[in-house]
Amino acid sequence: MAKPASAPLQLDLKRKTAARLVEQVTDGLAGLIESGELRSGERLPSVRQFAQHHDIGSSTVVEAYEQLVARGMLQARRGAGFFVAARAGQSGARAVFVPPEPVIDSAWLLSEMFADERVPIKAGCGWLPGKWLNDEGLHQAERRIIRSPGAQQVGYGHPYGYAPLRQLITQFLGHWALELGIEQVLTTHGATQALDLIIRTMTQPGDTVMIDDPGYCNLIAMLRLAGLNVIGVPRTPGGVDTDMLETLARLHHPKMFFTTSVLQNPTGTSYTPACAMRVLQAAERYGFWVVEDDIFRELGQATDPMLAALDGLQRVIYVGSYSKTIAPSLRVGYIACQRELARQIVHTKMVLTLTNSEINERLVHNVLTEGHHRRHVQTLNATLLNAQSTLNAKLTEVGLTPFTAARGGMFSWATIEGCELSAREIADRARQKGIWLAPGDFFHLSAPHKTSFRFNVGYADVPELFDFLRGL
C-alpha cells in the first residue's frame, strides 16, 4: 500500500559534506524511485511539508523536484503537486533496439564512429584521449564563466565573434610573423564550419578545386556536396608534390587549393620551407587561392612554415581551431583572411547560423589566459612525439611501413605490403575482433594502389592491434 502524500520521506541529509543540499535531495529521491520504494504514480510530499520535515528551505526542495522533472523521474501536475513518473517497461514489455552491424565506409567514419561504443579499441579515430586534454584549465575557465555577470552569458554574440578571443588570435599569429588586424579574424563553429563557410562564399557548383591526396575525409565530402570538381595533389613526406601541383594548376585552372601545412590528417606530414614557397609561387602564377587548414599548428615544430605568414594573407585564407589542444566539445575555430573577404564570409555565416556560442568562445579565452595552456601544450607535444615514435616502431615490427619518420602530432600513416586483402576487408576483420581501423580509401579521391591505414597514436598502442596485424 502506497504511503499517503503527507507522510515524510526519510532522507539522511548531511549538511557538512561537499555536496549541496539540492544534490543530496535529488540523489536521495532518485534512489528511492529507482529502488521502487517510491512507485509510479505516487504523490510526493508538498514542498512545504518536505522542507519542514528536513529543516531545509523551500527553494531547495523546489529545485530538487524540478531537476527530477527534467530527468523524467517526476511529473508536475498543476494544482496537484509532484508525482513519480511511469518508468519504461512498467506498462508492458519494452522493445529493445538492437543496432545493426556497422558497415565500415566513409559515412560511418564521418558520423557513426563518434557515437558507436560497441567496439572498444578505436585505433583509427580522429580525437585525442580525454586524459591528454587540458581538463583542469577548462574546469577553471568554466568556474570563471559561472562567476561572471548573467548578462554576459545570454543573448547573441558579435557576428565576427568574441573580440578578446579574436585579439588573442591576432597575437598568436603575430608570433609567426603574420601581422593582421582584429577585423581580419572571425570565429566559427570549429574548423569544419570554417571550411564550409569558405566553400559557400568563394565557389560555385562546377568550379575546380585541388586538395591534398590523401586528405581530410570530411573536406572531400564537403567539396563533393557543393558540386565541385575535386582534384587531388599527391601528398609527400615533405608536403605535396609541387611538380604535380604545377601541372594540375596549368591544366585545370583551379579556383582554390585546400591543404594542411603542419601534421596533416591523415599522413602526419608537414611542409618543408621549399615546398611552402613553391606552393605560393604556383598560386601567384596560376591565380588560385590557398586555404591553409592549420588546426595542428600548436602541435608542430617551431621551424614548420606557415603559408599565411609567408604570403601575408594575399592569396592564403587561414583556418585554425582549439579542438586538438583544449577540447573538441567546445567547437571553436576561426578564419583569418583579407578584410573584405572576412566581411563576405561573416555575411555567409550570419545567413546560415547567425553568431556562434559566445559562452564557448569565452571559455576558450579563459583557458588561453589563465596561465597553464602553454605548459599543457608543451607536455602534450612531448607525449604525442613519444607515442608516435613508439607506435611507428611497433607497426614496423609487425610488417607495416610508416609513411614518414615521427614528427609528433596525432596520426601515423602506414602501409601493408604484399597483403591480398583490401584495406576495407582488413578493417572489417578488425572490427570483428573489437578494433576500429580507418582504411586509407576514405582519405583518397579514388581507389588507392596501396593498402594503407590512419592510426591515432593516442589509441593504437594496444597489444590486440599488433596481434591482429601480425596475424595478417
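User: What makes strand 5 and strand 8 stand out in the lining of the largest cavity?

Analyst: In this predicted model, strand 5 (208-213) and strand 8 (256-259) each supply at least two residues of that lining. The lining residues include Ile211 and Asp212, as well as Phe258 and Thr259. Others among them are Gly215, Tyr216, Leu219 and Asp293.

User: Why is it called a cavity rather than a pocket?

Analyst: The word cavity is used because a 1.4 Å probe fits there but cannot get out, whereas a pocket is an open set of points.

User: How is the lining of the largest cavity divided by class?

Analyst: There are 4 nonpolar, 4 polar and 2 charged residues. Asp counts as charged, and both Asp212 and Asp293 are in the lining. Gly is counted as polar, so Gly215 belongs with the polar residues.

User: What makes the bond between Asp213 and Pro214 a cis peptide bond?

Analyst: Look at omega, which is about 5° for the cis bond joining these two residues. Pro214 is found in the loop between strand 5 and helix 8 (217-225). The peptide bond from Asn265 to Pro266 is also cis, with omega near 25°, and Pro266 is found in the loop between strand 8 and helix 10 (273-286). For background, most peptide bonds are trans.

User: Why are strand 12 and strand 15 said to stand at the edges of their sheet?

Analyst: The open sheet has 4 strands in the order 12-13-16-15, with antiparallel pairing. Strand 12 (400-402) and strand 15 (438-439) each have a single partner strand, so one side of each is left without a neighbour in the sheet.

User: How do you know that strand 13 and strand 16 pair?

Analyst: Pairing needs at least two bridges, and strand 13 (residues 411-416) and strand 16 (residues 451-456) have 6 in the antiparallel sense. In strand 16, Ser452 is the bridge partner of Thr415. Helix 14 (residues 373-397) packs on this sheet, touching strand 12, strand 13 and strand 16.

Technical notes:
Residues numbered from 1 in each chain as written. Predicted model: local features only at pLDDT ≥ 70, side-chain atom pairs only at ≥ 80, totals over all residues. Heavy atoms only, no water. 1 Å grid on protein atoms, 1.4 Å probe; cavity = no way out; pocket = protein on both sides within 12 Å on 5 of 7 lines; lining within 4 Å. Contact = heavy atoms within 4.5 Å. Axes fitted to C-alpha atoms, helices over the stretch in contact; angles between N-to-C directions.
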